[in-house]
Every structure is written in structure tokens, then in C-alpha cells.
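Please keep the sequence and the structure in view while reading.

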Amino acid sequence: MPRPSAHENLPDWLYEGARVHDPGRNTEAIVQAICDFEDPATRRVIKNAVFLRPEGGGREWIVAPEIPHPTDAL
């Protein structure tokens, strides 16, 4: 399946379903979605925001696309 054009500048390893490392939380997570996100409180827009969730479920969080790293880079 081809990547959406908005994701063309993202690294190949960053895709929905990928396992990544979030250094800010020092944890591994699964990418749930990648899309533009506007924070309703601040109205700040994050282009290609990455929605992460712990493997096995749990509360989702959002990071900028430059934050996560591939798990094999650890």
C-alpha cells in the first residue's frame, strides 16, 4: 500500500503499526496514527503528529514526528 503524500518526508520505519521508542517517556510504543493534529487548548497544530499507545493497550499520547526512534536503533 503506498504511503499518503503527507507522509513522504517521514522515515520509512515510521508508519501506523510500527513499534517505536519514545525517549521522552523512555518507553516503547505502537504507532496508532499519523495525522495533523490541532491541540484544542492551545490551537497549536502539529503536522504529522504521531499518536502512540503502549503495547497491549493503555492511554494514548501524541508526539511530534521527530521524537520517536526505531526500536532497533537502541
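## Strand 1 and its partners

Strand 1 and strand 5 (residues 69-70) are paired antiparallel, over two bridges. Here strands are DSSP runs of E with at least two residues, helices are runs of H or I with at least four residues, and both are numbered from the N terminus. Two strands count as paired if DSSP finds at least two bridges between them.

The model is predicted: local features need pLDDT of at least 70, side-chain atom pairs count only at pLDDT 80 or more, and totals for chains, interfaces and linings use all residues. Residues are numbered from 1 along each chain as its sequence is written, and side-chain values use heavy atoms, with hydrogens and water left out.

The secondary structure consists of five strands and zero helices, so that the elements read β-β-β-β-β from the N terminus on. The five strands form an open sheet in the order 4-3-2-1-5, with antiparallel pairing. Strand 4 and strand 5 are the edges; each has a single partner strand, so one side of each lacks a neighbour in the sheet.

On its other pairing, strand 1 joins strand 2 (residues 27-38) in the antiparallel sense over four bridges. The hairpin of these two strands has four residues between them, and Asn26 takes a positive phi near 50 degrees there.

His21 belongs to strand 1 (residues 19-22). In strand 5, His69 stands opposite His21. The side chain of His21 also makes a polar contact with the side chain of Asn26, at 3.2 Å. A polar contact is a pair of N or O atoms within 3.5 Å; within protein, one must be able to donate a hydrogen and the other to accept it, and residues adjacent in sequence count only if both atoms are side-chain atoms.

## Burial and the core

Buried means under 20% relative accessible area, exposed over 50%, and partly exposed in between (1.4 Å probe, protein chains only). Of the 74 residues, 31% count as buried. Two buried residues are listed below.

| Residue | Relative accessibility |
|---|---|
| His21 | 10% |
| Val20 | 0% |

Val20 is also placed in strand 1. Its C-alpha atom is separated by 6.2 Å from that of Ile30, 10 residues apart along the chain. Leaving out residues up to four places away in sequence, Val20 touches several residues, including Trp13, Leu14, Ala29, Leu52 and His69. Contact means heavy atoms within 4.5 Å.

Which residues make up the largest nonpolar core? Its 11 residues are Leu10, Leu14, Ala18, Val20, Ala29, Val31, Ile34, Val50, Leu52, Trp61 and Val63. Strand 2, strand 3 (45-53) and strand 4 (61-63) are the elements that give two or more residues to this core, and strand 2 gives the most, with three residues. A nonpolar core is a set of buried Ala, Val, Leu, Ile, Met, Phe, Trp, Tyr and Cys residues joined through side-chain atoms within 4.5 Å.

Ala29 is in contact with Ala18, Arg19, Val20, Leu52, Arg53 and Trp61, leaving aside its neighbours within four places in sequence. Among contacts between residues at least 6 apart in sequence, 32% join residues at least 24 apart.
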